[in-house]
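Dear colleague,

Please find below the structure that I am handing over to you, together with its sequence. My findings follow it.

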Amino acid sequence: MGRGKIEIKRIENLSNRQVTYSKRRNGLIKKAKEIAVLCDAKVSLIIFATSGKMHDYSSAPMFEILEAYHKQSGKKLWDAKHENLYNEIDRIKKENDSMQIKLRHLKGEDVTSLNHKELMALEDALENGLTGIRDKQSEMMERMRKNGKMLEEEHNYLKYVLRQQEIAKQQQQQMALENNVREIDPNGYHQRENDGYSSHMPLAFRVQPIQPNLQERI
């Protein structure tokens with residue numbers, strides 16, 4: 001007896017539907033990978049869930065598969081606006097590839113295929129770049145030297161200001177001490193000033209004690 005056809009109906013239960021979707025989706029992606037590996041085929045699979053979430057698998061870059069489909073099927077997948085966008089993307093990709101090649105050449109890589117003229121142009125570019133780097137280094141060194149000089153001058157000025165503040169503070173303390181001494185014992189303060197003055201007077205100007213005349217005593 002042959003197996004009868006099974007009627008396929010949508011699963012009404014939401015939970016069961018999500019479980020079935022997850023299992024079948026994973027199975028489809030697994031089969032797509034097997035075909036790509038076993039048969040060396042280019043496979044692209046895109047699945048959208050009812051929630052709008054996308055799952056996809058592509059054994060080759062998607063734009064390559066879409067371009068091949070576009071050419072072989074003859075179906076227009078995008079309009080002129082998207083065609084221009086695709087061309088712009090392709091142009092940028094080629095430009096990026098060219099820049100990557102030039103960068104490798106500047107690093108000294110993959111230069112065996114270059115001819116003499118291309119090597120000379122590469123050498124000139126490297127020399128110009130080296131000159132620019134040296135000029136930039138000199139500029140930075142000069143800027144650092146000027147900044148260092150400015151910092152040194154500022155440091156010396158701050159030292160000078162600090163020293164002047166210390167001197168002024170010492171003078172204020174000395175004046176306050178003298179004022180306190182005057183308030184405590186003004187007579188004694190003047191006496192000490194006179195004593196200090198007398199001690200520094202020359203010997204010839206000091207007052208000698210009065211002695212009686214010897215002739216008058218005789």
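Helices, as the word is used here, are DSSP runs of H or I with at least four residues, numbered from the N terminus. Please note that this is a predicted model.

I begin with helix 4, which covers residues 116–184. Within helix 4, R145 and E142 lie three residues apart, or about one turn of the helix. An α-helix has 3.6 residues a turn, so residues three or four places apart point the same way. R145 and E142 form a salt bridge, with their closest N and O atoms 2.6 Å apart. R145 is partly exposed at 48% relative accessibility, and E142 is also partly exposed, with a relative accessible area of 34%.

Helix 4 holds a further pair, R163 and E166, separated by about one helical turn because they are three residues apart. In their salt bridge the closest N and O atoms are 3.6 Å apart. R163 counts as partly exposed at 45% relative accessibility, as does E166 with a relative accessible area of 36%.

How many salt bridges does a search of the whole structure find? The search finds eleven. Among the residues that take part are D110 and R104, whose closest N and O atoms are 2.9 Å apart. D110 is partly exposed, with a relative accessible area of 46%, and R104 is partly exposed at 32%.

At the start of helix 1, a side-chain oxygen of N13 comes to within 3.0 Å of the backbone nitrogen of S15. After helix 1 comes D40, which has a positive phi, near 55°.

Which residues of helix 1 are buried? They are R25, I29, A32 and A36. These buried residues pack against strand 1 and strand 2, the latter being residues 54–58.

Strand 1 consists of residues 44–48 and includes I46. Together with F48 and M54, I46 makes a nonpolar surface patch of about 310 Å². I46 counts as partly exposed because its relative accessibility is 43%, which falls between the limits of 20% for buried and 50% for exposed.

With kind regards

Note on methods:
Residues numbered from 1 in each chain as written. Predicted model: local features only at pLDDT ≥ 70, side-chain atom pairs only at ≥ 80, totals over all residues. Heavy atoms only, no water. Patch = residues over 30% accessible without salt bridge, like charges linked within 9 Å, V, L, I, M, F, W, Y side chains within 5 Å. Areas by Shrake-Rupley, 256 points an atom, 1.4 Å probe, with all protein chains shown as cover. Salt bridge = Lys/Arg side-chain N within 4 Å of Asp/Glu carboxyl O. Helix = DSSP H or I, 4+ residues; strand = E, 2+ residues; numbered from the N terminus. Buried < 20%, exposed > 50% of the residue type's maximum accessible area, 1.4 Å probe, protein only. Contact = heavy atoms within 4.5 Å. Polar contact = N/O pair within 3.5 Å; in protein donor to acceptor, adjacent residues only side chain to side chain.
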